[in-house]
Amino acid sequence: MDFEFKALGAGGLAAVEGDALLLVVGGEELPRSLDKPLAALLADALAQGDFEFKTGRCLYVHRPPGLAVKRLAVVAAADASAKAFKAAVAAGMGALKAMGVASLAIARSGFDAALDESHARALVAAVADAVYVYRHTKPSAPAAPKLARVALVAARKDAAALGRGLQRGQAIAAGVALARECGNRPGNHATPSHLASEAKKLGKQFGLKVQVHDRKEIEKLGMGSFLAVAQGSDEPPRFIVMRYDGAAASKAPIVLVGKGITFDSGGISLKPGAEMDEMKFDMGGAASVLGTMRAIAELKPKVNVVGLIVTCENMPSGRALKPGDVIRSLSGQTIEVLNTDAEGRLILCDALTYAERLKPAAVVDIATLTGACVVALGHHHSGLFSADDKLAEQLLAASRDALDPAWRMPLDEEYDEGLKSNFADMANIGGRAGGAITAAMFLKRFTAKYPWAHLDIAGTAWKSGAAKGATGRPVPLLTQFVLSRAG
């Protein structure tokens, strides 16, 4: 799908050509800037009660008189923000996406503030989300929408900013789509080997340097905690290192670490059977690293980025890790495993130790780590943990700009008390209370040598119910963060 900027001509919106026009309107009355045909249509719809200036209200008109387009959708937005614009475009796409629309124009009217780059990114995100359909293992999935071209129509003076926003939005949307596709594939398809294959494909397509370490190489590295989780499964583990070199070799890289449990049964500490199928999504952190690396490689910012993906299955078997076992991490610290379902932190800790050798400017790990984070924050905000105020604020600013919200959680030293063990340097879980925080405190023990942040995406990486599926988050947040670090 192609996105482009189109300058508003002398004929106004009425002269815009294409299969459909999606108009986002604001305020509480007819915008004065509307062309006469559009003003007449809206005035009549208001008089008939078919439309109101209420957030999300949508009007559809087929063959609108006086307009060059064949279809018209008008949606009321809450305010002038990019967030409201994204929601309005999504509502309009709901009315149009099932129709035979191949070319779509999108415009806005009734606001004092002009569109900016963030609106353009929001538009691409909303359209891309609306047309995404998973079909890899579903031959009966609906046919792909015909939509091939989308134009953002605005004043010519805004062309540079909006064009830049559309370009960035497309790269981010492609990264989100990749992350969703990896997440949605079932565990017998999206194996650790499959994630490694996807990383290699990105390397060939975008010139990334990709190394894939197998079990023997992981053993040689000394990643004992990671291997302890992997030992219960017949599916071989993989440790994936991806490098994007956009700056001088002397410039310290940003390191993104993704948890890639491609299926999480809980191991010997077996999960309940209900909704266990959703544990194919436990590689959402790894998927987001793949998606972010794709977006960054396409945008080519002047920054160095390394993606580390630790990926395996967590399964029960005669070889599986047991409650009470003590294992040795790459850092040399020993861990008493009190619950084998707290496995994500056990694979991440070795990757965080490995990151030291990269001499990073900052490290961010991303993981569907704890159900406790879902209890704390629900499904809207990802949990952000960091002892570094500057890094935390950079990530929060990126989350706001990318419309991919995160919320900072505490890391007070008192929470560390719950990880004490009589038999090892630490236990892998604390008590039930504050479970997302004690999980982050566990990871913090492996990050003393660099600025570090942890994103718990257990509540945001996928949706349940009728809309079940991967979201691709937090690819927008991570991409915006990397771009901000590039200046």
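In this predicted model, Glu117 pairs with Arg164 in a salt bridge, and their closest N and O atoms are 2.9 Å apart. Glu117 belongs to helix α3 and Arg164 to helix α4 (residues 159-184), so this contact ties together parts that lie 47 residues apart in sequence. How exposed are the two partners? Glu117 has 14% relative accessibility and therefore counts as buried, since the cut-off is under 20%. Arg164, at 39% relative accessibility, counts as partly exposed.

Glu117 has another partner to look at. Arg121 also forms a salt bridge with Glu117, with 3.2 Å between the closest N and O atoms. Here the two residues sit in one helix, α3 (residues 117-131), and because they are 4 residues apart, about one helical turn separates them. Arg121 is buried, as is Glu117. If you are wondering what lies behind such contacts, side chains of opposite charge can pair when their charged atoms come close.

Now turn to helix α5 (residues 192-206), where Lys201 and Glu198 lie 3 residues apart, about one turn of the helix. Their side chains meet in a salt bridge, at 3.6 Å from N to O. Glu198 counts as buried, because its relative accessibility is 12%.

Which residues do salt bridges with shared partners join to it? The network consists of Glu117, Arg121, Arg164, Arg168 and Asp401. For the model as a whole, the count comes to 26 salt bridges, taking a side-chain nitrogen of Lys or Arg within 4 Å of a carboxyl oxygen of Asp or Glu as the rule.

Technical notes:
Residues numbered from 1 in each chain as written. Predicted model: local features only at pLDDT ≥ 70, side-chain atom pairs only at ≥ 80, totals over all residues. Heavy atoms only, no water. Buried < 20%, exposed > 50% of the residue type's maximum accessible area, 1.4 Å probe, protein only.
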